Amino acid sequence: MTPTTSARPGEDRYAIDTDPDRIDIDLVHHWLSTDAFWALGRSRDLVERSLRGSLNFGVYDGEGKQVAYARVVTDHATFAWLCDVYVDSAHRGRGLGVRLATAVRDHLAPYELKRTLLATLDAHELYAKVGFVPVPDPKMLMVLGPTQ
């Protein structure tokens, strides 16, 4: 399934696509490794491997240049994790983050997943606009981190 959505009337011309062949891996690596606080210094190899194992969403301007990215780690049956959401600084403030999160939500809806998670330090309001809420009982969640 590779949906492409065009801009609504009166909006700038942007398209959201899940075609993995359209993703500019070098650009995504640059964004994440140099400007995304959660991924600073991430290697290109790690970015490429993470893309290969994920459902990828690219946002493209009217000329086809990639201007935003998000990826979803999912089994397409019970669980998804939305991560690495990034909008190029020149395109921020145009609602692309909300549109991207909405596209992810709508793409995953037919799977009737039990849970879609994300972690955010500072974008709670953005994700709330598309239905994300705080974890009702965070005490039930646990994490296994890298060995120190």
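This is a predicted model: local features need pLDDT of at least 70, side-chain atom pairs count only at pLDDT 80 or more; totals for chains, interfaces and linings use all residues.
1. Residues are numbered from 1 along each chain as its sequence is written, and side-chain values use heavy atoms, with hydrogens and water left out.

2. Start with N56. This residue is in strand β3, residues 55-61. Helices (H or I, at least four residues) and strands (E, at least two) are DSSP runs, numbered from the N terminus. N56 has a relative accessible area of 4%, so it is buried. Buried means under 20% relative accessible area, exposed means over 50%, and partly exposed is in between, with a 1.4 Å probe and protein chains only.

3. The side chain of N56 makes a polar contact with the side chain of Y69, at 2.4 Å. A polar contact is a pair of N or O atoms within 3.5 Å; within protein, one must be able to donate a hydrogen and the other to accept it, and residues adjacent in sequence count only if both atoms are side-chain atoms. A polar atom of the N56 side chain also lies 3.1 Å from the backbone oxygen of S54. Leaving aside neighbours within four places in sequence, the residues in contact with N56 are D17, T18, I23, L51, Y69, A70 and R71. Contact means heavy atoms within 4.5 Å.

4. The largest nonpolar core has 23 residues, and F57, V59, V72, L82, L100 and L108 have the most contacts inside it. Such a core is a set of buried Ala, Val, Leu, Ile, Met, Phe, Trp, Tyr and Cys residues joined through side-chain atoms within 4.5 Å. Two or more residues come from each of β2 (14-17), β3, β4 (66-74), β5 (79-87) and α3 (96-108). Of these, α3 gives the most, with 6 residues. Not counting residues up to four places away in sequence, L108 touches L55, V72, A80, L113 and T116. Another core, of 12 residues, lies apart from this one, and V28, A36, Y69 and Y86 are among its members.

5. The structure holds 3 aromatic pairs. Rings of Phe, Tyr and Trp (its six-membered ring) pair if their centres lie within 6.5 Å; planes under 30 degrees apart count as stacked, over 60 as edge-to-face and the rest as tilted. One of the pairs is W31 with Y86, whose centres are 5.1 Å apart and whose planes are at 25 degrees, so this pair is stacked. W31 lies in helix α1 (residues 25-35) and Y86 in strand β5, so the pair ties together parts that are 55 residues apart in sequence. Y127 and F132 form an edge-to-face pair, at 5.9 Å centre to centre and with 80 degrees between the planes.

6. The charged end of R22 sits over the ring of Y60, 3.8 Å from its centre. R92 lies over the face of Y86, at 5.1 Å from the ring centre. A charge sits over a ring if NZ of Lys or CZ of Arg is within 6 Å of the ring centre and within 35 degrees of the ring normal.

7. Two backbone angles deserve a look. Most residues other than glycine have a negative phi. H76 is not a glycine, yet has a positive phi of about 60 degrees. H76 is found in the loop between β4 and β5 and is partly exposed, with a relative accessible area of 36%. D84, also not a glycine, has a positive phi of about 50 degrees. D84 is found in strand β5 and is buried, at 5% relative accessible area.
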